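Here is a short report for a reader meeting this structure for the first time. Take a look at the model, then read on.

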Amino acid sequence: MTPESSEADDDASVIARSRDEPGLFAVIFDRHARHIHRYLARRLGPTAADDALSDTFLIAFDKRAKFDLSRPDARPWLYGIATNLVSRHRRTEVRELKLRMALGPPAAEDGHAQRVADRVTAQARAAELDRALAALRPRERDVLLLVAAEGLGYQEVAEALAIPVGTVKSRLNRARAHLRAELGADDFVKETSDHG
């Protein structure tokens with residue numbers, strides 16, 4: 001069977017068949033690499049994200065025999081692998097957030113005054129957000145970014161991190177409270193509550 005004929009199958013079916021036909025695993029990569037890369041780039045930066053993406057899919061390929069075939073969508077499983085890789089890079093991640101905060105926003109490009117003003121405002125808020133994210137406990141940061149930045153629901157985050165849904169909710173609530181205290185950012189905090 002070819003990868004083209006597998007495109008209509010759910011992830012579990014493709015992964016099951018990839019155990020005998022390893023080339024079929026490329027379908028899983030094609031379906032989910034863009035999402036996983038975006039998540040990793042937010043967590044690690046674009047350069048490290050490329051390596052972490054490769055590592056994520058190599059690990060997934062190596063562990064495909066252990067994938068729970070009752071789950072039709074592999075994305076939470078892949079987010080879990082990616083989050084574990086991020087955990088290995090946590091200290092680097094916090095250092096990166098602090099460095100971005102210390103360096104300040106990059107110089108604004110020439111252009112329309114309103115666009116420049118909007119960009120400066122956004123960059124200033126990004127620095128505040130980076131500082132607030134760096135101050136979060138790593139477990140709370142994982143949950144917050146999977147919900148707010150990746151759009152996962154509570155159950156998907158629970159699957160990705162191998163924790164109970166109640167733990168997801170409590171970590172997310174603590175992260176929201178921290179962001180409210182640090183930023184007064186009701187708009188951002190509200191976004192994280194729309195994914196349950």
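Start with two helices. Helices α3 and α4 pack at an angle of about 140 degrees, and their axes are 8 Å apart. The crossing of α3 past α4 is right-handed.

This is a predicted model. The mean pLDDT of the chain is 82. A value of 70 or more is reached by 72% of the residues. Among the elements, helix α2 (residues 11–18) has the highest mean pLDDT, at 96. Helix α11 (residues 186–191) has the lowest, at 50.

**The chain as a whole**

The chain has eleven helices and zero strands. Along the sequence, the pattern reads α-α-α-α-α-α-α-α-α-α-α. There are 196 residues in the chain, and 40% of them count as buried.

F25 belongs to helix α3 (residues 25–44) and F61 to helix α4 (residues 46–62), so the pair ties together parts 36 residues apart in sequence. F25 is buried, at 6% relative accessible area. F61 is partly exposed, at 27%.

F29 and F57 form another aromatic pair. It is edge-to-face too, with 4.8 Å between the centres and 70 degrees between the planes. F29 lies in helix α3 and F57 in helix α4, so this pair ties together parts 28 residues apart in sequence. Here F29 is partly exposed, with a relative accessible area of 35%. F57 is buried, with 7%.

The two pairs can be set out in a table.

| Pair | Centre to centre | Angle between planes | Class |
|---|---|---|---|
| F29 and F57 | 4.8 Å | 70 degrees | edge-to-face |

What sits over the ring of F61? The charged end of R64 does, 3.9 Å from the ring centre.

Is I36 buried or exposed? It counts as buried, because its relative accessibility is 0% and the cut-off for buried is under 20%. The C-alpha atom of I36 is separated from that of T56 by 8.6 Å. Along the chain, I36 and T56 are 20 residues apart.

**A loop residue with positive phi**

Now move along the chain to a loop. A162 lies in the loop between α9 (154–161) and α10 (165–183). Its phi is near 55 degrees, a positive value in a residue other than glycine. Most residues other than glycine have a negative phi. Why does A162 count as exposed? Its relative accessibility is 70%, and exposed means over 50%.

Definitions and conventions:
Residues are numbered from 1 along each chain as its sequence is written. This is a predicted model: local features need pLDDT of at least 70, side-chain atom pairs count only at pLDDT 80 or more; totals for chains, interfaces and linings use all residues. Side-chain values use heavy atoms; hydrogens and water are left out. pLDDT is the predictor's confidence in each residue, from 0 to 100. Helices (H or I, at least four residues) and strands (E, at least two) are DSSP runs, numbered from the N terminus. Buried means under 20% relative accessible area, exposed over 50%, partly exposed in between (1.4 Å probe, protein chains only). Rings of Phe, Tyr and Trp (its six-membered ring) pair if their centres lie within 6.5 Å; planes under 30 degrees apart count as stacked, over 60 as edge-to-face and the rest as tilted. A charge sits over a ring if NZ of Lys or CZ of Arg is within 6 Å of the ring centre and within 35 degrees of the ring normal. Axes are lines fitted to C-alpha atoms, for helices over the stretch in contact, and angles run from 0 to 180 degrees between N-to-C directions. A crossing is left-handed if the near helix is turned anticlockwise from the far one by less than a right angle, and right-handed if clockwise.
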